[in-house]
Amino acid sequence: MSYATEIGAAFYDFLGEAGDRAFMGPLRREVIGRAQGVVVEIGSGTGRNFPYYHAGKVNYLYAIEPNLQMARRAVPRADGTDLLIEFLEDDAERLPFEDGFADTVVATLVMCTVRRPEAVLSEVKRILKPSGKLLFIEHVRSDEPWRATLQDWATPLTRIWSANCHLNRATIDLIRTSGFRIEDLRRINAGAPWMRPFEAGVASHA
Ligand SMILES: C[S@@+](CC[C@H](N)C(=O)[O-])C[C@H]1O[C@@H](n2cnc3c(N)ncnc32)[C@H](O)[C@@H]1O
């Protein structure tokens, strides 16, 4: 389903609510709570991370979301915080910031859907300060062979039905090979069996 339609965005938000109640909410709290300074959130979607930022630590939040139906649903969540949030309708493959601009970049459930993850990670690296942190929560390719095979089979369908979502992306490996050092990594075996595991953590310049 395309998130670019009103129904697609509503459906995503409905599923997101269930996911947040099950395990994503506490995970968002843990990971997003580490954001500080100038923050760029890529693929901010319906703003499900917004309630978890600490207004006292975050100076300014740029919410990058090319899909206006998703961004529209994020506005009430932004209004419910004390954060300074600016929405930008940009593509994470070409971020409108100078080199070394951000203290924190946040990507949650995004790297599975972007067209060119290597290009996005290269942009993230470019805009992060030398001391900057990439905070992430992603579902990734399983290392259990049977589950990974299932994910390979199902990915052509989820790409069609779920806005280009790849179940079989080895995102943490991609983060590493894009020139980041993984500082902290936690694996969570929760959620739909075909989407496991989720991995959450912090990366910095290698
Ligand atoms: C699965 S949603 C996740 C939304 C949110 N981060 C969350 O945790 O609920 C993925 C989002 O990434 C956005 N997206 C996809 N490709 C993108 C790109 N190249 N640049 C920026 N955002 C992108 C989609 O429009 C969508 O809103």
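The talk below turns to a pocket and to a strand of this predicted model.

Student: What makes strand β7 count as largely enclosed by the rest of the structure?

Tutor: A residue is called buried when its relative accessible area is under 20%. Seven of the eight residues of β7, which runs over residues 198-205, are buried, and therefore the strand is largely enclosed by the rest of the structure.

Student: How do you know that β5 and β7 pair, and in which sense?

Tutor: Two strands pair if at least two bridges are found between them. Strand β5, residues 128-139, and β7 have six bridges, so they count as paired, and the sense is antiparallel. Within this pairing, Leu135 stands opposite Val202 in β7.

Student: What about β6 and β7, over how many bridges do they pair?

Tutor: β6 and β7 pair over eight bridges, again in the antiparallel sense, and Arg186 stands opposite Ala200 in β7.

Student: Which residues line the second largest pocket?

Tutor: A lining residue has an atom within 4 Å of a pocket point, and among those in the lining are Val140, Asp143, Thr171, Arg187 and Glu199. The elements that give two or more residues to this lining are α5 (171-177) and β6 (180-188), and α5 gives the most, with four residues. The space in this pocket is about 150 Å³.

Methods. Residues numbered from 1 in each chain as written. Predicted model: local features only at pLDDT ≥ 70, side-chain atom pairs only at ≥ 80, totals over all residues. Heavy atoms only, no water. 1 Å grid on protein atoms, 1.4 Å probe; cavity = no way out; pocket = protein on both sides within 12 Å on 5 of 7 lines; lining within 4 Å. Points joined across faces, edges and corners; volume = space filled by probe spheres on them. Buried < 20%, exposed > 50% of the residue type's maximum accessible area, 1.4 Å probe, protein only.
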